[in-house]
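Visitor: Please put the model on screen. I will ask for the criterion behind each label.

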Amino acid sequence: MILGYVKCTAPNCNEAMEVSQCSGKRSAYLKGRCHVCKCTEQRSNANTQDYLKQHKPLEELNPAPVEQTEELEVLQEAPTEPPKSDTEPKGVSTLFCAGIGAFIGLTLGKAVTVLRAV
Ligand SMILES: [Zn+2]
């Protein structure tokens with residue numbers, strides 16, 4: 001089970017390293033595994049263990065501005081999307097509006113007729 005992530009301990013590797021609990025005799029220790037440089041961190045010295053204990057969720061470890069800009073892009077894209085989908089329902093909404101218009105016209109007409117009648 002992955003507890004969290006730390007920066008890879010291998011030199012020249014800044015990728016996220018999975019931190020998980022060792023099993024068996026070493027169950028008191030944490031270990032790390034980096035899928036990018038294929039290294040594992042299994043040293044049981046205090047420094048390494050303290051480092052591994054600082055594991056964080058991946059999103060926190062990589063507060064990537066990339067993710068944020070992606071979100072922004074999505075947000076910016078959103079307003080441009082409606083025109084696309086607008087073209088199709090437009091016919092429907094136009095009909096709908098026309099229907100409402102006709103209805104209002106009829107109602108008003110009736111109202112006017114009623115008013116005139118009164
Ligand atoms: Zn690595």
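Guide: Helices (H or I, at least four residues) and strands (E, at least two) are DSSP runs, numbered from the N terminus. By that count, the protein has three helices and four strands. Their order from the N terminus is β-β-β-β-α-α-α. This is a predicted model: local features need pLDDT of at least 70, side-chain atom pairs count only at pLDDT 80 or more, and totals for chains, interfaces and linings use all residues. Residues are numbered from 1 along each chain as its sequence is written, and side-chain values use heavy atoms, with hydrogens and water left out.

Visitor: How do you know which atoms coordinate the zinc ion?

Guide: By distance. Donors are N, O and S atoms within 2.8 Å of the metal (3.2 Å for Na, K and Ca); water is not among the atoms, so sites may look incomplete. Here the SG atoms of Cys 8, Cys 13, Cys 34 and Cys 37 lie at 2.2 to 2.3 Å. They count as donors because they fall within 2.8 Å.

Visitor: What makes the site of the zinc ion tetrahedral?

Guide: Its angles. Four donors count as tetrahedral if all angles lie between 85 and 135 degrees; four count as square planar and six as octahedral if opposite donors are over 155 degrees apart and all others between 65 and 115; anything else is irregular. The four donor atoms of the zinc ion make angles of 104 to 116 degrees, so the site is tetrahedral.

Visitor: What spacing do the donors of the zinc ion follow along the chain?

Guide: The pattern is C-x4-C-x20-C-x2-C.

Visitor: Why is Ser 20 called buried?

Guide: Buried means under 20% relative accessible area, exposed over 50%, partly exposed in between (1.4 Å probe, protein chains only). Ser 20 has 15%, so it is buried. Ser 20 belongs to β2, where five of the six residues are buried. Cys 13 and Cys 34 are buried too. Over the protein's 118 residues, 18% count as buried.

Visitor: What is Ser 20 in contact with, leaving aside its neighbours within four places in sequence?

Guide: Contact means heavy atoms within 4.5 Å. The partners of Ser 20 are Met 1, Ile 2, Leu 3, Tyr 29, Leu 30 and Lys 31.

Visitor: Why is Thr 48 called buried?

Guide: Its relative accessible area is 7%. That is under the limit, so Thr 48 is buried. Thr 48 lies in helix α1 (residues 46–53). Its side chain makes a polar contact with that of Asn 45, at 2.8 Å. The term means a pair of N or O atoms within 3.5 Å; within protein, one must be able to donate a hydrogen and the other to accept it, and residues adjacent in sequence count only if both atoms are side-chain atoms.

Visitor: How do you know where the buried residues of α1 sit around the axis?

Guide: The buried residues are Thr 48, Gln 49 and Leu 52. They cover an arc of only 95 degrees, so they share one side of α1. The arc is that of the directions from the helix axis to the C-beta atoms. These buried residues pack against β1, β2, β3 and β4. On the other side, Ala 46, Asn 47 and Lys 53 are exposed.

Visitor: What makes Lys 53 exposed?

Guide: Its relative accessible area is 53%, over the 50% limit, so Lys 53 counts as exposed.
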